[in-house]
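I opened the model and kept notes as I went. Each entry records one thing I looked up.

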Amino acid sequence: MHNTLLRYFRLPALALALLLAACQKEAVAPTPGNPTATTQPLPEHLTMGNPSGATADIAQPTNYLLMKPPYALSYHRDRGIPNWVSWHLSADWRGSAARQDDFRPDNTLPAGWYQVQANSYTGSGFDRGHNCPSADRTSTVADNSATFLMTNMMPQAPRNNQQTWATLENYCRTFLDAGNEVYLICGSYGRGGTGSNGYATTLDQGRVTVPARCWKVIVVLPTGTNDAARVSASTRIIAIDTPNDNSLSTAWDTYRTSVDAIETATGLDLLSAVPTAVQQVIEARVDNGPTN
């Protein structure tokens, strides 16, 4: 929970109303025994909240909301990467669709905005690092293909992307086999990272910022409905904050931290749809659960 958000992280009422009409996941109406249930469901991929109050307003180019069928994100035009990407992972999102590998610019960005290209990272020593992973979206070819839009990418040190984060992503998918669903929010912050070719602050003639840190927050719930209201003080929350450096440890648990610490570093308000009293408990805690 973070009450002092950056000035541009605001959500006009009209934009919120439009958001609530899209991609909705079933919500349960309030009852005397369930007073915290929502009366109007949030979009599926923003069930845990909109961390920056992003809106699809071209006057907010550093916090521009993009709603894709497989995920939601806040895009920063001047950095050429997302502030954050948020998505819901359940058995419904998994299937047999192959990895498409069709990296491409996002032509849904407002007219006149630079579109990061598939080759914008070429020769840089940084991977085109997915925020929402390809392997989380295998139910249809279209869903998998959507993860290869460059608005879902960040320049990520290869060791970070291919080993540290990949191991955590694989672990998150194992929760589904145990009857769970997962909500994930990830992003990056800062400026300057070290890839396989050394240190860099930007790519593509300064149009893509190389972040200094990459973070992720994971909420694990038994499969059900009215999900934000079901988060409790005992819900497992995993938060990591890794250096974007090719010499980092490949053990993701080395970088476990608290949600509060990520909020302090980024100015975001994570898990804002969760009841406030629960947020105060779960956001201060550092996970110490199993890692595989």
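Entry: I started at proline 105, which touches Gln115, Val116, Gln117, Ala118, Leu149 and Met150, leaving aside residues up to four places away in sequence. Contact means heavy atoms within 4.5 Å. Proline 105 is found in the loop between β3 and β4. I took helices (H or I, at least four residues) and strands (E, at least two) as DSSP runs, numbered from the N terminus. Proline 105 and leucine 149 lie 5.8 Å apart, C-alpha to C-alpha, and 44 residues apart in sequence. Proline 105 has a relative accessible area of 26%, so I logged it as partly exposed. The cut-offs are under 20% relative accessible area for buried, over 50% for exposed, and partly exposed in between (1.4 Å probe, protein chains only).

**Entry: ground rules.** The model is predicted, so local features need pLDDT of at least 70 and side-chain atom pairs count only at pLDDT 80 or more, while totals for chains, interfaces and linings use all residues. Residues are numbered from 1 along each chain as its sequence is written, and side-chain values use heavy atoms, with hydrogens and water left out.

**Entry: serine 124.** I looked next at serine 124, in the loop between β3 (81-89) and β4 (127-130). Its relative accessibility is 15%, so serine 124 counts as buried. A polar atom of its side chain lies 3.1 Å from the backbone nitrogen of phenylalanine 126. A polar contact is a pair of N or O atoms within 3.5 Å; within protein, one must be able to donate a hydrogen and the other to accept it, and residues adjacent in sequence count only if both atoms are side-chain atoms. Not counting residues up to four places away in sequence, serine 124 touches Asn197 and Leu203.

**Entry: the sheet.** I traced an open sheet of 6 strands in the order β1-β2-β3-β6-β11-β12, with antiparallel pairing. Two strands pair if DSSP finds at least two bridges between them. The edge strands, each pairing on one side only, are β1 (64-68) and β12 (236-243). Neighbouring strands are turned by 15° against each other on average, direction ignored. Strand β2 (residues 71-76) pairs with β3 over 5 bridges. Within these strands, leucine 73 stands opposite valine 85 in β3.

**Entry: the helix on the sheet.** Helix α5 (residues 259-266) packs on the sheet and touches β6 (180-189), β11 (213-222) and β12. Its direction makes about 140° with that of β11. Axes are lines fitted to C-alpha atoms, for helices over the stretch in contact, and angles run from 0 to 180 degrees between N-to-C directions. Which residues of α5 are buried? They are Val259, Ile262, Glu263 and Thr266. These cover an arc of only 100° around the axis, so they sit on the same side of α5. The arc is that of the directions from the helix axis to the C-beta atoms. After α5 comes glycine 267, with a positive phi near 80°.

**Entry: rings.** I counted 4 aromatic pairs. Rings of Phe, Tyr and Trp (its six-membered ring) pair if their centres lie within 6.5 Å; planes under 30 degrees apart count as stacked, over 60 as edge-to-face and the rest as tilted. Tyrosine 64 and tryptophan 113 pair edge-to-face, at 5.0 Å centre to centre and 65° between the planes. Both are buried.
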